[in-house]
Amino acid sequence: MTLVQTPLSEVSAGAGMGYGLGLQEFKLTCGKSVYGHSGGTFGYLTYALSSDSGRTLVISANPYTGDAPADTLQKALTTTFC
């Protein structure tokens, strides 16, 4: 199998996020970035993220009934990756 290096081109996906090649970039308050994918449907919410160093965080909330406080994800990411 051959590994193909593809440059990551991204588009803005909202405040502090970029999106390209099916991956989202989350820019953290400490200056680092993590990459992964998030999604949600019918009461379920999932984030699967990884840093360049290999550290991984997976968050799954179900049943998910509404909006989490705006800083909840940022606090989890900062605690895990910074």
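Phe26 and Tyr47 are both buried. They belong to a predicted model of a chain of 82 residues, of which 21% are buried. The chain holds 1 helix and 6 strands, and their order along the sequence is β-β-β-β-β-β-α. The points below cover the strand pairing, the aromatic pair, the nonpolar core, the disulfide and the surface.

**Overall composition**

- The accessible surface of the chain is about 5800 Å², and carbon and sulfur atoms supply 58% of that area.
- Among contacts in the chain with a separation of 6 or more, 21% are between residues 24 or more positions apart.

- Strand E3 covers residues 23-27 and strand E4 covers residues 33-41; the two run antiparallel and are joined by 4 bridges.
- Within this pairing, Gln24 stands opposite Gly36 of E4.
- The two strands form a hairpin with 5 residues between them, and Gly31 in the turn has a positive phi of about 95 degrees.
- Cys30 is also placed in the loop between E3 and E4.

- Gly40 has Leu45 in E5 as its bridge partner.
- This hairpin has 2 residues between its strands, and Phe42 in the turn has a positive phi of about 45 degrees.
- In a regular strand, side chains alternate between the two faces of the sheet.

**Aromatic pair**

- The count of aromatic pairs comes to 1.
- Phe26 and Tyr47 form this pair in an edge-to-face arrangement, with 6.0 Å from centre to centre and 65 degrees between the planes.
- The angle of 65 degrees between the rings of Phe26 and Tyr47 is classed as edge-to-face because the cut-off for that class is over 60 degrees.
- Phe26 lies in strand E3 and Tyr47 in strand E5 (residues 44-50), so the pair ties together parts that are 21 residues apart in sequence.

**Nonpolar core**

- The largest nonpolar core has 9 residues: Phe26, Leu28, Val34, Leu45, Tyr47, Leu49, Leu57, Leu77 and Phe81.
- E5 and H1 are the elements that give two or more residues to this core, and E5 gives the most, with 3 residues.
- Both members of the aromatic pair, Phe26 and Tyr47, are among the residues of this core.
- Leu45, the bridge partner of Gly40, is likewise one of the core residues.
- Leaving aside residues up to four places away in sequence, Leu77 touches Phe26, Leu28, Leu49, Leu57 and Cys82.
- Of the residues that Leu77 touches, Phe26, Leu28, Leu49 and Leu57 are listed in the core.

**Disulfide**

- The count of disulfides in the chain comes to 1.
- This disulfide joins Cys30 to Cys82, with an S to S distance of 2.0 Å.
- The link of Cys30 and Cys82 is left-handed, with -75 degrees about the S-S bond.
- The pair links distant parts of the chain, 52 residues apart: Cys30 sits in the loop between E3 and E4, and Cys82 in the segment after helix H1 (72-81).
- Cys30 is partly exposed because its relative accessible area of 39% falls between the limits of 20% for buried and 50% for exposed.
- Cys82 is also partly exposed, with a relative accessible area of 41%.

**Residues placed relative to Phe81**

- The C-alpha atoms of Cys30 and Phe81 are separated by 8.9 Å, while the two residues are 51 residues apart along the chain.
- Asp52 and Phe81 are 29 residues apart along the chain, and their C-alpha atoms are separated by 10.0 Å.
- Asp52 is found in the loop between E5 and strand E6 (56-61).
- Asp52 is exposed, with a relative accessible area of 70%, whereas Phe81 is part of the largest nonpolar core.

How values were computed. Residues numbered from 1 in each chain as written. Predicted model: local features only at pLDDT ≥ 70, side-chain atom pairs only at ≥ 80, totals over all residues. Heavy atoms only, no water. Pairing = 2+ DSSP bridges. Phe/Tyr/Trp six-rings, centres within 6.5 Å; stacked < 30°, edge-to-face > 60°. Buried < 20%, exposed > 50% of the residue type's maximum accessible area, 1.4 Å probe, protein only. Contact = heavy atoms within 4.5 Å. Areas by Shrake-Rupley, 256 points an atom, 1.4 Å probe, with all protein chains shown as cover. Disulfide = S-S within 2.5 Å. Core = buried A, V, L, I, M, F, W, Y, C linked by side-chain atoms within 4.5 Å.
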